[in-house]
Amino acid sequence: MTDLKNKAARKSGFNRRDFFRGSGAIAAATALQTQTAEAIQNQSPRVISGETSISLNVNGKDHQVKVAPNTTLLDALRYQLDLTGAKPVSSDGSSGASTVFVDGKPMTASTILALQAVGKKIETVESLGADAVQKAFVKHDAEQCGFCTPGFVMAVRSLLDKKPNASKEEIRGGLNGNICRCGTYANIVEAAISVAKGGN
Ligand code: FES
């Protein structure tokens with residue numbers, strides 16, 4: 001009888017030993033899943049409602065601001081710190097008009113929550129002062145209404161910080177995240193080229 005069972009098991013390719021081995025693996029996987037679910041539950045995010053007082057490091061100084069959970073960094077900069085350089089053109093950041101540096105990287109302040117900016121170094125266009133890029137924009141008449149200009153200035157500054165001698169093509173490519181509805185692209189690129197060549 002045992003021989004018959006063994007023969008049948010060999011034929012089907014499955015036996016009691018495989019079954020118990022499989023059950024053990026399933027039990028271990030289930031235990032692991034339970035542990036993971038518990039760990040996730042323990043780490044569930046804190047729900048924040050109402051206004052919270054936070055500190056933002058902007059242009060080298062710490063500032064106390066009160067923000068709601070959905071306050072963007074752009075709103076905190078403009079309406080609490082009176083830094084109106086970054087512009088509210090597109091809430092999805094597609095215009096690039098709200099470009100600021102976050103820990104040295106260009107990012108659109110309209111797409112970042114103020115709460116996410118805590119502990120980071122924020123730099124706005126106001127921090128550039130009499131930067132060569134700003135001077136070049138004036139010299140090359142690189143603006144009309146000026147709404148896109150702070151975002152372009154920050155984008156050019158970031159590009160030339162990484163690549164001081166960027167070519168025309170590199171400049172055009174580096175600015176493709178910014179939109180100018182007045183169409184002053186040619187002058188913006190000329191301004192950037194002049195800085196890349198060491199002038200303004
Ligand atoms: S100068 Fe008007 S949008 Fe660029």
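Lys-87 lies over the face of Phe-147, at 5.9 Å from the ring centre. A charge counts as over a ring if NZ of Lys or CZ of Arg is within 6 Å of the ring centre and within 35 degrees of the ring normal. The model is predicted: local features need pLDDT of at least 70, side-chain atom pairs count only at pLDDT 80 or more, and totals for chains, interfaces and linings use all residues. Residues are numbered from 1 along each chain as its sequence is written, and side-chain values use heavy atoms, with hydrogens and water left out.

The protein chain holds seven helices and five strands. Helices (H or I, at least four residues) and strands (E, at least two) are DSSP runs, numbered from the N terminus. Along the sequence, the pattern is α-α-β-β-α-β-β-β-α-α-α-α. Of the 200 residues in the protein chain, 36% are buried. Buried means under 20% relative accessible area, exposed over 50%, and partly exposed in between (1.4 Å probe, protein chains only). Among contacts in the protein chain with a separation of 6 or more, 53% come from residues 24 or more positions apart. Contact here means heavy atoms within 4.5 Å.

The five strands form an open sheet in the order β2-β1-β5-β3-β4, with mixed pairing. Two strands pair if DSSP finds at least two bridges between them. At the edges stand β2 (61–67) and β4, each with a single partner strand, so one side of each is left without a neighbour in the sheet. Neighbouring strands of this sheet are turned by 45 degrees against each other on average, direction ignored. Axes are lines fitted to C-alpha atoms, for helices over the stretch in contact, and angles run from 0 to 180 degrees between N-to-C directions. Strands of a sheet pair through backbone hydrogen bonds, either parallel or antiparallel. Strand β1 (residues 52–58) pairs with strand β5 (residues 121–123) in the parallel sense, over two bridges. Val-58 has Ile-122 as its bridge partner in β5.

Helix α3 (residues 73–80) packs on the sheet and touches β1, β2, β3 (99–102) and β5. The direction of α3 makes about 105 degrees with that of β2. Leu-73, Leu-74, Ala-76, Leu-77 and Arg-78 are the buried residues of α3. These pack against β1, β2, β3 and β5. After α3 comes Asp-82, with a positive phi near 60 degrees.

Helix α5 lies across β3, β4 and β5, running at about 40 degrees to β3. It has 14 residues and reaches 20 Å from its first C-alpha to its last, close to the 20 Å expected at 1.5 Å a residue. The expected span is 1.5 Å times one less than the number of residues. Of the 14 residues of α5, 12 are buried, so the helix is largely enclosed by the rest of the structure. Among them are Pro-150, Val-153, Met-154 and Leu-159. The buried residues of α5 pack against β3, β4, β5, α4, α6 (168–174) and α7.

One aromatic pair is found. Rings of Phe, Tyr and Trp (its six-membered ring) pair if their centres lie within 6.5 Å; planes under 30 degrees apart count as stacked, over 60 as edge-to-face and the rest as tilted. The rings of Phe-152 and Tyr-185 have centres 6.2 Å apart and planes at 75 degrees, so the pair is edge-to-face. The pair links distant parts of the chain, with Phe-152 in helix α5 (residues 149–162) and Tyr-185 in helix α7 (residues 185–196), 33 residues apart. Phe-152 is buried, at a relative accessible area of 1%. Tyr-185 is partly exposed, at 38%.

Val-133 belongs to helix α4 (residues 132–139). Its relative accessibility is 1%, so Val-133 counts as buried. Val-133 touches Val-153, Val-156, Arg-157 and Val-195, not counting residues up to four places away in sequence. Val-133 and Arg-157 are 24 residues apart in sequence and 6.6 Å apart in space, C-alpha to C-alpha.

Thr-108 sits in strand β4 (residues 105–108). It is buried, with a relative accessible area of 14%. Beyond residues up to four places away in sequence, Thr-108 touches Gly-93, Gly-96, Ser-98 and Thr-99.

Two loop residues also have positive phi. Asp-103, in the loop between β3 and β4, has a phi of about 50 degrees although it is not a glycine. Asp-103 is partly exposed, at 46% relative accessibility. Asp-141 lies in the loop between α4 and α5, and its phi is near 50 degrees.
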